[in-house]
Amino acid sequence: MGEWQRYVDDNLIGSGKVNRAAIVGLDGGILAASEGYKISAAEQSQLSKECRAVFSGGEDQVGGLVLAGNKFLTSGSDERSLFLKTTHSINYDPRHAGAIVVQTKQCIIVAEYDAPLQMAESIPVVESLADELINAGY
């Protein structure tokens with residue numbers, strides 16, 4: 001888990017453009033996560049299912065996801081990334097601005113950012129890590 005944790009701590013959280021993050025195996029299971037960030041088993045399962053559907057060409061985009069108890073609505077997607085914005089739900093926290101979900105060959109990167117950060121600031125950080133993992137065979 002050490003190498004995966006370094007990716008979360010150094011590449012994502014260390015960038016200053018991501019506030020909470022996790023790397024999840026394609027079939028579930030947390031490979032690494034920032035301190036206190038807990039994506040439940042049910043959320044991991046749904047995340048894996050939705051990513052398979054979207055990134056296999058089966059759907060254009062999902063309606064949304066729940067990550068660590070916070071509901072996010074899909075604001076867009078491309079061939080490998082989902083872009084999510086928070087919604088007012090029971091666990092709504094106004095600091096939570098959105099999330100980016102990127103799939104690689106073996107894992108799913110989940111990165112949340114808080115206001116005043118903007119999605120455009122976080123996307124390059126998350127996709128750069130995805131490129132690094134893909135180039136390393138992950």
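**Entry 1: the elements**

I began with the rule for elements: helices (H or I, at least four residues) and strands (E, at least two) are DSSP runs, numbered from the N terminus. By that rule I find 3 helices and 7 strands in the protein, and from the N terminus on they run α-β-β-α-β-β-β-β-β-α. I am reading a predicted model, in which local features need pLDDT of at least 70 and side-chain atom pairs count only at pLDDT 80 or more, while totals for chains, interfaces and linings use all residues. I note too that residues are numbered from 1 along each chain as its sequence is written, and that side-chain values use heavy atoms, with hydrogens and water left out.

**Entry 2: confidence**

I looked up pLDDT, the predictor's confidence in each residue, from 0 to 100; the protein averages 89, and 88% of the residues score at least 70. Among the elements, the highest mean, 98, belongs to strand 2 (residues 30–33), and the lowest, 88, to strand 4.

**Entry 3: the whole protein**

I next looked up burial, where buried means under 20% relative accessible area, exposed over 50%, and partly exposed in between (1.4 Å probe, protein chains only). Of the 138 residues in the protein, 48% are buried. I also noted contacts, meaning heavy atoms within 4.5 Å: among those between residues at least 6 apart in sequence, 47% join residues at least 24 apart.

**Entry 4**

I followed the pairing of strands, which is counted if DSSP finds at least two bridges between them. Strand 3 and strand 4 run antiparallel and are joined by 4 bridges; Leu-65 has Phe-72 in strand 4 as its bridge partner. Strand 4 is also joined to strand 5 (residues 81–86), again antiparallel, by 5 bridges, and there I find Leu-73 opposite Lys-85. The hairpin from strand 4 to strand 5 passes through 3 residues, whereas the hairpin of strand 3 and strand 4 has 2 residues between the strands.

I stopped at Ala-68, which lies in the loop between strand 3 (64–67) and strand 4 (70–77). Its phi is near 50 degrees, a positive value in a residue other than glycine, and Ala-68 is partly exposed, with a relative accessible area of 27%.

**Entry 4: helix 2**

I checked the span of helix 2 (residues 41–55), whose 15 residues reach 21 Å from the first C-alpha to the last, close to the 21 Å expected at 1.5 Å a residue; the expected span is 1.5 Å times one less than the number of residues. The buried residues of this helix include Leu-47, Cys-51, Val-54 and Phe-55, and Glu-43 and Glu-50 are also among them.

The side chain of Ser-122 reaches the backbone oxygen of Lys-17 at 2.5 Å. Leaving aside neighbours within four places in sequence, Ser-122 is in contact with Lys-17, Ile-100 and Tyr-113.

Last, I looked at the peptide bond between Ala-115 and Pro-116, which is cis, with omega about 15 degrees. Pro-116 sits in the loop between strand 7 (107–114) and helix 3 (119–135).

Methods: Polar contact = N/O pair within 3.5 Å; in protein donor to acceptor, adjacent residues only side chain to side chain.
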